[in-house]
Amino acid sequence: MKHFFTILSHELRMLLVSSSTYIAAVLFLTLMGFIFTGILENYSQTAEEVSPAVVFFQLFWVPVFFMVPLLTMKCISEERRLGTLETLLTSPVSTAEVVLGKYAAAYLLYVSLWAATGGFFYILTYFAPNSSFIDVGPLLGGYIYVAVSGLFFVAIGVFASSLSRNQAVAGILAFAMLFSAIIGLKFVGTLELIKADSLSPVRGLLNYTNVFRHLQDFSNGIVDTRQLLYYVSGSALALIFSILGVEAKLLHS
Amino acid sequence: MSDSSAAIEVRELVKTYAGITAVNKVSFTVAQGEIIGFLGPNGAGKSTTMRILTGFLPGTSGTVEICGHSVAANPAAIKRLIGYMPENNPLPDDMRVSEYLHYRGRLKEISRKKLGPRIDEVLELCDLKRVRHRIIGKLSKGFRQRVGIADAVLAEPPVIIMDEPTIGLDPHQILIVRDLIASLRGRMTVLISSHILPEIEMTCDRVLIINQGRVVAAGTPGALRREFLGANRYELEIAGNPNDLAAVLTSLDPALVVEKASDPDADDFRTIVFTAPSGDLREALWSALSKDSRFRVRGLGRTRHTLEDVFLAATKRSWDATDKPTAPVATKS
């Protein structure tokens, strides 16, 4: 892991000079800003039971769909298309260091963009007449959830990028995989077909992987190690597959 | 057979891609400090062999050793011994030259303290000082090529492998790159592939010609010339009776063959081209003809076979050889 930080700092720098990062950042902050304003407007009209932070994080999956592909689609496919993967892998660097360095850079950027939304809440507390609008518990829970789930989502994006030399294909692939992991699994869980008694293990599994339930638990202040395990093992698996994917493509190139 | 002084040792290397044999039982040895030229038509397996040498691709069978370390068993050690510039010289477009070299230097485990002076040194060596703060994507091809070479020599590895370092350069830039490679002579072992044959001839100590995945010829350019083309070829401009001349020529060397004789020009001179297998005949010929009052000589010269002739002869011979069997060896198209 000698070169991990070299690659990480290089990748962060490359992400910060790349236009797709800024597109992702602007899209993300605009969208989240609109969502946040919408929520506040609702609150000003009618009384609600939960704090704005809870509603805000319930929509966390909307930006994930475009932000993660935009941040990760380039990372490996671009290297392969340009051929710089060859110079990279013939220097004393292992494939694992390359993949992990790129993953860590994309993850840091993802988390820091989310951290920027903290500004919305800061503005709210600054201007709100009393602090009852801000419930620190769900807010903190929501951010922790975003940081933990981001591990898995960004790893999915990196994996998609390792599969194709075309950035657009990698991006769409990442979108499709994220969609099936977030919405697809939830939808399958609600199917009538699954409700049969014989399929109760499947139902249990789908329940376990339901990201919306995880979010709810985190917002309520429950940090369940089983859920942590789901994200950590999922990201480990996706990263192992990306490393294997890069190496397999070399063997068969 | 294992020679610890050899920089590169390849034995019976085979590489197949999905049933296609790209490299077929290639064996060669490169001594330390030698500059070796790798020649071959497109798809001959040059790039594949180079990639296997760097450990980027695994070979199907056979052994490759760099400075005594096996590439297959110890790829991590190999990567520290090799400076590699791949075909088409891929570079990131959105970095500055000095930034790129700094990043590469860190990856190649040069300590921070030494890296700065070393980058200056390499920029000087490759004549890149003027463009050190320019963005690589905006550089001309010649500069990009030199950035690739600068990267290959950056960590001062004992072995440098460059795949077509002079492709797409103008003659002036080729000269600079050639001098650059020549300046590495003795300090580093260099393996370069090229299509530009005079280039190889001028810079390389030894040439390997590869065709259809096999080594078809190896040796110094002079030795290859003798092996594949044998005879010396002379060009004589002379005035006089051609029949008398033929008698004189055969008396000098009975094995001499006149290839062509032109018609006499306005001043009655003919240009006669002939070949003789033995050593240099020029001096004997000159003294024989200048004493003879029947002839007037205007010019006598030996035309050198270029490496191009050797290359064509060697690849043609290997095609002739492989076309004969019923199942010819397929090449990477």
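## Strand 8 of chain B

In this predicted model, strand 8 of chain B spans residues 189-193. Five of its five residues are buried, so the strand is largely enclosed by the rest of the structure. T189(B), L191(B) and S193(B) are buried on one side. V190(B) and I192(B) are buried on the other.

Strand 8 of chain B has parallel partners. Strand 3 (residues 35-39) of chain B runs parallel to strand 8 of chain B, and four bridges join the two. Here F38(B) stands opposite S193(B). Strand 7 (residues 159-163) of chain B also runs parallel to strand 8 of chain B, through five bridges. In that pairing V159(B) stands opposite T189(B).

## Chain B as a whole

Chain B holds 11 helices and 14 strands. Its C-alpha atoms fill a box of roughly 80 × 55 × 35 Å along the principal axes. Of the 333 residues in chain B, 41% are buried.

How many of the contacts in chain B between residues at least 6 apart in sequence join residues at least 24 apart? The share is 70%.

## Helix 3 against helix 5

Two packed helices are described by the angle between their axes and the distance between the axes. For helix 3 (residues 97-107) and helix 5 (residues 141-153) of chain B, the angle is about 25° and the axes lie 10 Å apart. That angle makes helix 3 of chain B roughly parallel to helix 5 of chain B, since angles under 35 degrees count as roughly parallel. The crossing of the two helices is right-handed.

Which residues of helix 3 of chain B meet helix 5 of chain B? They are V97(B), Y100(B), L101(B) and R104(B). On the helix 5 side, the partners are V147(B), A150(B) and D151(B). By class, this contact has five nonpolar residues, two charged residues and no polar ones.

## The side facing chain A

Chain B puts 22 residues into its contact with chain A, and chain A puts in 16. On the chain B side, helix 2 (75-81), strand 6 (82-85) and helix 3 each supply at least two residues. Helix 3 of chain B gives the most, with four residues.

By class, the chain B residues that touch chain A divide into 12 nonpolar, three polar and seven charged.

Key
Residues are numbered from 1 along each chain as its sequence is written. Chains are lettered from A and ligands numbered from 1 in the order in which they are written. This is a predicted model: local features need pLDDT of at least 70, side-chain atom pairs count only at pLDDT 80 or more; totals for chains, interfaces and linings use all residues. Axes are lines fitted to C-alpha atoms, for helices over the stretch in contact, and angles run from 0 to 180 degrees between N-to-C directions. Angles under 35 degrees count as roughly parallel, over 145 as roughly antiparallel, 65 to 115 as roughly perpendicular and the rest as oblique. A crossing is left-handed if the near helix is turned anticlockwise from the far one by less than a right angle, and right-handed if clockwise. Two residues are in contact if their C-beta atoms, placed from the backbone, lie within 7 Å. Ala, Val, Leu, Ile, Met, Phe, Trp, Tyr, Cys and Pro count as nonpolar, Asp, Glu, Lys and Arg as charged, and the others, Gly among them, as polar. A residue is buried if 20 or more other C-beta atoms lie within 10 Å of its own, exposed if 12 or fewer, and partly exposed in between; C-beta atoms are placed from the backbone. Two strands pair if DSSP finds at least two bridges between them.
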